[in-house]
Amino acid sequence: MLVAYDEKRQFIILDTTMNREQLRQARKTQHYYCPACHQALQLKIGTKNTPHFAHHKQSACSHYFSENETTTHIAGKQQLYDFFSQLGAPQLEAYLPQIQQRPDILYERTAIEFQYSRLTHERFLERNAGYASINLTPLWLPYSPSKENGLAIVSLSHDIQKYRHNDTLLTYNPNTEQFIYYSALISMTATQFLVKITVLPKQHQTWPFRTPRLLTRDEFELFMQLWYEQRRKLIQHYMRYRRGTQDMLLRFVYERRLALLALPEAIGVPTDFDVEVQPAIDWQIIYYYDYFPQGVEEFLAHHDVPKVKVEAYEQFLQQLQKQKASQNELLYSQFIAFKGYN
């Protein structure tokens with residue numbers, strides 16, 4: 001905890017302006033209490049960990065469960081509080097008795113949560129519902145390790161993906177005091193994404209938060225180079241590790257006398273640019289050779305693939321067949337359409 005009140009019922013906020021020696025002197029004469037349960041608190045200073053308030057072990061306060069905070073989490077809250085303090089009058093760890101929740105920072109009608117530890121999806125939904133019930137908008141900022149600007153292939157666990165907002169995952173790193181944007185997310189597998197990474201120092205951030213620039217045509221071309229390289233590696237992996245006619249993909253390739261390394265580039269491409277539960281090549285090879293053109297409904301009757309993906313692939317193949325644009329130009333047009341860009 002970073003907030004308490006003293007004997008005069010004045011709130012004490014442990015922000016970055018207070019050094020350890022000042023806190024040690026204050027601790028000798030002051031007593032501190034929890035804003036929620038009003039029980040006495042300890043002011044822990046130490047030499048390594050970030051100074052913070054803590055309940056005594058026997059406390060039954062509803063906040064006790066959240067007090068095993070890491071130094072990183074406390075530092076993140078302090079830095080974000082300092083950021084919003086330059087804009088207005090934020091509240092640090094404001095207790096909301098109506099919903100028995102305490103966001104890290106409350107600013108205007110936004111509840112800001114810097115999330116360092118893992119939060120279950122159920123608890124995530126519960127907290128969002130609680131904020132919505134009192135007309136607050138939650139803004140989640142999960143922790144991210146330091147990154148560099150550029151295009152990359154990254155792994156995003158299902159746990160971190162829940163913090164996505166539309167096409168962007170906004171994170172924060174208190175060690176470097178930087179906001180890190182993962183934007184233009186293009187799913188390759190359920191957890192592997194092509195992303196544009198934008199690093200923004202805290203002092204350059206604005207409120208409302210900046211939004212990343214749209215992916216340009218040239219950037220998309222670089223994206224697809226990474227995509228095709230991963231596609232090639234996937235095919236090599238299939239050839240090396242998949243065995244036997246019990247494998248549906250290999251059996252399909254064998255029965256039609258196809259060469260995996262010589263497949264048309266139009267097989268194994270992104271379609272609706274949403275999460276790929278299975279590699280695109282696994283189902284597109286079947287659609288390309290057995291159902292195109294005009295075979296969407298028949299294909300769906302036998303294969304468990306989202307309809308929007310199949311319809312987008314059918315449209316892409318039809319346009320490619322007309323040869324009115326290059327493959328990447330057609331994919332970029334679909335990318336812009338599905339991402340909702342104008």
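Which side chain meets that of aspartate 159 in a salt bridge? In this predicted model, the partner of aspartate 159 is arginine 118, with an N to O distance of 3.9 Å. By the same rule, the count comes to 19 salt bridges.

**Aspartate 159 and arginine 118**

Aspartate 159 belongs to helix α4 (residues 158-161), while arginine 118 lies in the loop between β8 (110-115) and α3 (121-133); the pair therefore ties together parts that are 41 residues apart in sequence. Aspartate 159 has 22% relative accessibility and counts as partly exposed. Arginine 118, at 63% relative accessibility, counts as exposed.

**Lysine 309 and its partners**

Side chains of opposite charge can pair when their charged atoms come close. Lysine 309 meets aspartate 272 in a salt bridge of 2.7 Å, N to O. This pair links distant parts of the chain, since aspartate 272 is in the loop between α6 (248-255) and α7 (280-290) and lysine 309 is in helix α9 (residues 307-322), 37 residues apart. Lysine 309 also meets glutamate 276 in a salt bridge of 3.3 Å, N to O. Glutamate 276 lies in the loop between α6 and α7, 33 residues apart from lysine 309 in helix α9.

Are these residues buried or exposed? Glutamate 276 and lysine 309 are both buried. For lysine 309 the relative accessibility is 4%. Aspartate 272, at 9% relative accessibility, counts as buried because the limit for that class is under 20%.

| Aspartate 272 | Lysine 309 | 2.7 Å |

**Glutamate 113**

Glutamate 113 is found in strand β8. At 4% relative accessibility, glutamate 113 counts as buried. The side chain of glutamate 113 is joined to that of tyrosine 131 by a polar contact of 2.5 Å. When residues up to four places away in sequence are not counted, glutamate 113 touches Arg102, Pro103, Asp104, Arg127, Tyr131, Leu139, Trp140 and Leu141.

Key
Residues are numbered from 1 along each chain as its sequence is written. This is a predicted model: local features need pLDDT of at least 70, side-chain atom pairs count only at pLDDT 80 or more; totals for chains, interfaces and linings use all residues. Side-chain values use heavy atoms; hydrogens and water are left out. A salt bridge is a side-chain nitrogen of Lys or Arg within 4 Å of a carboxyl oxygen of Asp or Glu. Helices (H or I, at least four residues) and strands (E, at least two) are DSSP runs, numbered from the N terminus. Buried means under 20% relative accessible area, exposed over 50%, partly exposed in between (1.4 Å probe, protein chains only). A polar contact is a pair of N or O atoms within 3.5 Å; within protein, one must be able to donate a hydrogen and the other to accept it, and residues adjacent in sequence count only if both atoms are side-chain atoms. Contact means heavy atoms within 4.5 Å.
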